[in-house]
Amino acid sequence: MMVGIESQPNAPDREAILQEIYASLRQGQRELADWAGGSLAVSAVPGSGKSTGMAAAAAITLARHQLHLNCQLVLVTFTRSAAANLKAKVRGHLKRLKLPQTSFTVSTLHGLALTIATRNPELSNLSLDSLTLVSPAQNNRLIRNAVEQWIVANPALYQRLLEGAQLDGEETEILRRQSVLRTEVLPSLADTVIREAKSSGLLPAQVMELAQSLDHRYTEGQVDYDILAIAAGLYERYQALMQERSFIDYDDMILAALRTLADPATLGFWQSRVFAVFEDEAQDSSPLQTRLLTLLAGNPDDPDAEPNLVRVGDPNQAINSTFTPADPVFFNQFCEVCRRQDHLVTMDQAGRSTALIMEAANRLLNWANRTQVVGDVIPFREQAIHPVPLDDPQPNANPEALGAGLEVHTPPTIQDSVRLIAQRVQEAFTENPDLSFAILVREGRQGQYIAQRLRDAEEVGVDLAALGLPIYDVGDQDRQTQVPEDMLALMRFIDRPHSPDALKEALRVLVDRQRVPTQDLNLLAQAPEQFLYPGPLDTPPDTEAARTARRYCTGLLRARLELSPYSLFPFLGLTLGYNQSELATADKLAARVSQQIRQNNTLTAAIEVLQEIVGSERFTAVETEDTDSIYTRPRQITIITMHKAKGLDWDVVFLPFLHEKTIPGELWVPPQTKFLGDFSLSEVARAQIRAHAHQVPIDSAHGSRTPTNQGITNQFSATQPNPNPDFTTYANTPIPDTLTAWEQAKALKTAEEYRLLYVAMTRAKRLLWLSAAQQAPFTWSKPDNLQAARPCPVIPRLTTWLDQRDA
């Protein structure tokens, strides 16, 4: 039961409002709101309302303890959009309670770390005046440079890689292998190990120490590449290049914050200003990030006291561990420690879905855990999803099923799958036009295929446009964000207006953006000077469309004389008729380019940066409308990947193309790298580092990572103190050999794929539609080349269960 607040002005009204907030919560949410101090783990199932519960618990905590600017509640979540949503919910409660908005902060982990590090640059060695956050393109170049330096410095190890499992000595094959190693294998290995090692608090010397602890006894015919030693060398070269260029990456922010907090006085200052830390999406945190939050949540007057740390997450929704350092093992360890102390809350009542959908998700969980489908790995935490009680305080909980609520189909082909989707959408929409629909796919090319077919009314037999159902392909929106390309094309023309190619490309952009009518652009571009500034004897095209094109082009050229490179971006955006989101993206791009050309602020330099951005990375657009509302609007069919769908829900969810080749699939070894063996060097190294990290237990009092062997001197120098002093490497830690690590990597991937399917299934509120066509493409780059395809193993199990249930 919630404890009341002390008497103060307006206290009776405030107490009543607090009671209203508390009464609106479910049982698990109330247990979160009842937190009064110390460590608390909250394991929340999908649809249980953990963000709602956290916002209410935050407001109650703020009121109960009368927090203020100098003693705040710190809320941390995974993404900026999640932080914004959480902040809005807390602010709504505080407005009702008439409490100050300055009593709490909401940020991402990296944002919080950056705040701490930049407040104390003399301790963190991080100052934004002298350091620059490395961009993806810059990071790629640094890794390539590190690879080249490592090859020169380690000819023997490189030769071993070059020889691979077998080498026939042909010059063409040697050249091919050199290219593969330099441009694919070693850059991938470096990128993976740098992220994994940094997130675990390991320096290059410590990774090398792990490599030296390996048992190098191999069976006959197995090649010992000493992968971790290679990785440590690449990591060391990368760090040296980063320091030479005064670059930092996101993990460096966490490390810098930990260096700051290694100073006792500074740690005490920050702890005195932080009353408690509430973390959302805790299953996505790395060990280093957890260490930072644990330190901040500590008691400045009693270092041995439990930290005021509340961590909320769902290890069963951990779907990022195969491409980020996050791993559900770490949050599960924290939950286990809290369970032994009776500080674990299981938020297992969910109101999102109808009962049959939740039961299907539970059956997936039970089947995957009990049939050893992932070998010795247990993919899921044992927690079933339960419906809320009939007197649930939150509206529209466990909605009525649409039709049966769960449908499983095995049509002949993938084309038939799309036709069935169109027909089911038509039936449901005719019955209730206010429904929201989503089609969740495993990869973007599947989404492209579905969108193209659904827009062809003749092929699918349903005219969705005529029904008033637009198709919103999220992947298509991402692909069509052409802001950097548009800017580059127009700036190239402004810089070189005499170039026919540059003029034609600029005209193409103007036509695509419907600024200029469609016409034969070759006629306009074949003689740029005559087209742009015709003389008395010139005879360029003189149609209304051509005159419109000339007017736009000459306006662009005038802008060059009047505007700086930075100011050109918004001008070009307005010229192209960008919407609000596109203009915001253009502003973001302008800031990015301006930062990189501040020492040479010229149009030529801006074009070089744009060429780099367009050629080597994806520039992220800015959404000015809440993306959640865009994706989940009713009267719309949203096509979205399973990963991007996390955190969202729809009335009707379709999951087509559920084949064994897709889920769980398998780790892919590119054919060009198979001369090394049937494994991936980067995945082997990832598994070896994680095997080490998983063996470090959690201290029950502090949630910190405590070594069981103190025999190794830590590798952090006096000038770079260990950012994670409770984390130490071990000389005798058993690290798996190459083939064992590869098997562990495959198990990690399989477990995560089943969790991804679980996440996808639990997005549905009223109808979950699953299908696995009997024929599917070998690769989605060629969707018309069909062959027999086995379903995802869970499909026949669900089909059998439904048949028995309906019998």
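Author: A pocket is an open set of grid points with protein on both sides within 12 Å along at least five of seven lines, and its lining residues have an atom within 4 Å of a point. The model discussed here is predicted.

Reader: What makes a residue part of the lining of the second largest pocket, and which lie nearest its centre?

Author: An atom within 4 Å of a pocket point is the criterion. The lining has 42 residues, and Glu-666, Leu-667, Trp-668, Val-669 and Lys-749 lie nearest the centre of this pocket. Elements giving two or more residues to that lining include helix H9 (171-199) and helix H33 (738-761). The pocket volume is about 1,400 Å³.

Reader: Why are helices H3 and H4 called oblique to each other?

Author: Their axes cross at roughly 40°. Angles under 35 degrees count as roughly parallel and 65 to 115 as roughly perpendicular; H3 and H4 are therefore oblique. The crossing is right-handed.

Reader: What makes the contact of H3 with H4, and how do its residues divide by class?

Author: Contact means heavy atoms within 4.5 Å. Among the residues making this contact are Met-54 and Leu-62 of H3 and Lys-89 and His-93 of H4. The contact residues divide into 10 nonpolar, 3 polar and 1 charged.

Reader: What makes the second largest cavity a cavity, and what lines it?

Author: In a cavity a 1.4 Å probe fits but cannot get out. About 50 Å³ of space lies in the second largest cavity, and its lining includes Pro-46, Arg-352 and Thr-762. Helix H16 (residues 355-370) gives the largest share of this lining, 3 residues.

Methods
Residues are numbered from 1 along each chain as its sequence is written. This is a predicted model: local features need pLDDT of at least 70, side-chain atom pairs count only at pLDDT 80 or more; totals for chains, interfaces and linings use all residues. Side-chain values use heavy atoms; hydrogens and water are left out. Axes are lines fitted to C-alpha atoms, for helices over the stretch in contact, and angles run from 0 to 180 degrees between N-to-C directions. Helices (H or I, at least four residues) and strands (E, at least two) are DSSP runs, numbered from the N terminus. Angles under 35 degrees count as roughly parallel, over 145 as roughly antiparallel, 65 to 115 as roughly perpendicular and the rest as oblique. A crossing is left-handed if the near helix is turned anticlockwise from the far one by less than a right angle, and right-handed if clockwise. Ala, Val, Leu, Ile, Met, Phe, Trp, Tyr, Cys and Pro count as nonpolar, Asp, Glu, Lys and Arg as charged, and the others, Gly among them, as polar. On a 1 Å grid over the protein atoms alone, a cavity is a set of points where a 1.4 Å probe fits but cannot get out, and a pocket is an open set with protein on both sides within 12 Å along at least five of seven lines; lining residues have an atom within 4 Å of a point. Grid points are joined across faces, edges and corners, and a volume is the space filled by probe spheres set on the points.
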